[in-house]
Amino acid sequence: MGNYLNPGRHGFWESVRSRIYVDKTGLIACTNALLNTTEKYICVSRPRRFGKTMALEMLAAYYGNGCDSADLFRGRRIEEDASFLEHLNRYDVLLLNMQQFLSEATLGEVTDYLVQEVLRDLRKVYGQILKEPDRGLSAALREIYGETGRQFIILIDEWDCVMRERQEDEEFQRQYLDFLRNLLKDRPYVALVYMTGILPVKKYGSHSALNMFYEYAMTDQKDLEEYTGFTEGEVKELCDRFDMDFKEIGSWYDGYVFKRWKHIYNPRSVVEAMRSRDYGGYWTSTETYEALKAYMDMDFDGLRTDVAQMLGGGRVVVNTRSFQNDMYTFKTKDDVLTLLIHLGYLAYDSVKKEVFIPNREILGEFETAMNVSGWEEVMRILKASEKLLADTLARKEESVARGLDNAHREAASILTYNDENSLGAAIGLAYYSARKDYKLIRELPAGKGYADIVFLPLPGVAKPAMVVELKYDKTASAAIQQIKDRQYTQALEGYTGEILLVGINYDRDKKEHRCQIEKAD
């Protein structure tokens, strides 16, 4: 075994013998199907904490020549696949961590250092073939293949660290991408390339230097959706095993959606919650709010308005196509929002082309970032939301109306009341603190229509549910009547606790709210 050539099974061995291991070996069946096809170039981009390195260690253990790793996969999903034995430990694997090379090399010599290190490993095994000392890496791999017929599987971790840490050095980025293209593209010694990072492949000029790669990104994971994070079934099994509340775990770590798999959970945070037997925010153990704060402070083209709307439980339409797949080239707010999708701070609905804040854990990161970024008006709304919720539960209608008036005045520079949808975002923001005890659902199918906002108590919370209907230039009583006429409380079928009906109207001429609150029969 070498440092880079066939590094062995140790990394995956540690994973499978850990107290919490979720079987993701089905991914191997996907990569086996792509071996030596035109689709053999795979770029998988995901946020930190989403198991990218673990997947590479698994692939290295499975494919690596001399690993003898059949026992590690015994009883795993991949063992049932017809391709399992065909490719088990049959390839030379090169596992390259670009972050390591970037950290250890002197400035501007990253690729030279990489070539030097990998060639040293190759000569230990293929020294009789690689006799010329000044040979490049691509030439060395080509000669090994020509002499032995052995193909390589190349696994690249943190491929995008150059884009992230040398953000403004476009010439260095271009040289790095050209190096990867020369090493990988149209090379007969390549059986498969599996490359991971936070960002998709960098674009420059009229095309990408790595245009042979098939992208599996947070905007579209294609047939790798279930391997992006933990699925609903996997989390349910963990909750049963560790006696954790599944709904509470969902409110904290669920929220990432794809076309076929509608519930994908942050795997690292779920594992931390199970280990500590506690619900909370574990994001900051590997990422700080500063990363989010920097992009929020840009306030491109109304970005602040979009963030406020999402804090209120709303969604924002985004165009992800203009994003240049780096952390420096921003032309519109859509570029910033798209980056936040790739960083995991926003979830993306690829069907509706909308972004939203996925869960309570990420909501806390936004709150922290705003608190230190000078978003005084929003923070005042958030701090006042505790009293607003208490007044609502106590059915103090006039106090609720005044509280909503104050929230509207604070948010006037950010959110405008153009229609009931924007009113809903503002109301959701005003009730921000309710998320500690409630699951807030907007536009919930119910009875004969859609309830504007439903507040469903989280498990163990002894507070009434609330069905909220919003009106614009009408009356609060009309809102209450619509809840009754269209039987919106049917959305809470199976819920046995108390239900409050909350009607809210905003009068555009008087610029004031009216509120009516009743107990459901």
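In these legends, a residue is called buried when its relative accessible area is under 20%, exposed when it is over 50%, and partly exposed in between (1.4 Å probe, protein chains only). This is a predicted model, in which local features need pLDDT of at least 70 and side-chain atom pairs count only at pLDDT 80 or more, while totals for chains, interfaces and linings use all residues. Residues are numbered from 1 along each chain as its sequence is written, and side-chain values use heavy atoms, with hydrogens and water left out.

**View 1. Thr338 sits in helix α15, residues 333–343.** Helices (H or I, at least four residues) and strands (E, at least two) are DSSP runs, numbered from the N terminus. Is Thr338 buried or exposed? With a relative accessibility of 1%, Thr338 counts as buried. Contact here means heavy atoms within 4.5 Å. Setting aside neighbours within four places in sequence, Thr338 is in contact with Val318, Asn319, Thr320 and Phe323.

**View 2. The whole chain gives the setting for the close-ups.** Look for 20 helices and 15 strands in the chain. Its C-alpha trace spans about 85 × 50 × 35 Å along the principal axes. Of the 521 residues, 58% are buried. Among contacts with a separation of 6 or more, 70% are between residues 24 or more positions apart.

**View 3. Helix α9 covers residues 170–184.** From its first C-alpha to its last, this 15-residue helix reaches 21 Å, close to the expected 21 Å; the expected span is 1.5 Å times one less than the number of residues. Which residues of α9 are buried? They are Phe172, Gln173, Tyr176, Leu177, Phe179, Leu180, Leu183 and Leu184. Seen down the axis of α9, these buried residues fall within an arc of 155°, so they line one face of the helix. The arc is that of the directions from the helix axis to the C-beta atoms. A handy rule goes with this view: an α-helix has 3.6 residues a turn, so residues three or four places apart point the same way. After α9 comes Asp186, with a positive phi near 55°.

**View 4. Val110 belongs to helix α6, residues 110–126.** Val110 is buried, at 2% relative accessible area. Neighbours within four places aside, Val110 is in contact with Phe101, Leu102, Ala105 and Phe172.

**View 5. Helices α2 (residues 26–34) and α3 (residues 52–63) cross at roughly 65°.** Their axes come within 11 Å; axes are lines fitted to C-alpha atoms, for helices over the stretch in contact, and angles run from 0 to 180 degrees between N-to-C directions. The two helices are therefore roughly perpendicular to each other, a label for angles of 65 to 115 degrees (under 35 is roughly parallel, over 145 roughly antiparallel and the rest oblique). Where do they meet? Leu27, Ile28, Thr31 and Asn32 in α2 meet Ala55, Met58, Leu59, Tyr62 and Tyr63 in α3.

View 6. At 63% relative accessibility, Asp243 is exposed. Arg277 is partly exposed, at 46% relative accessible area.
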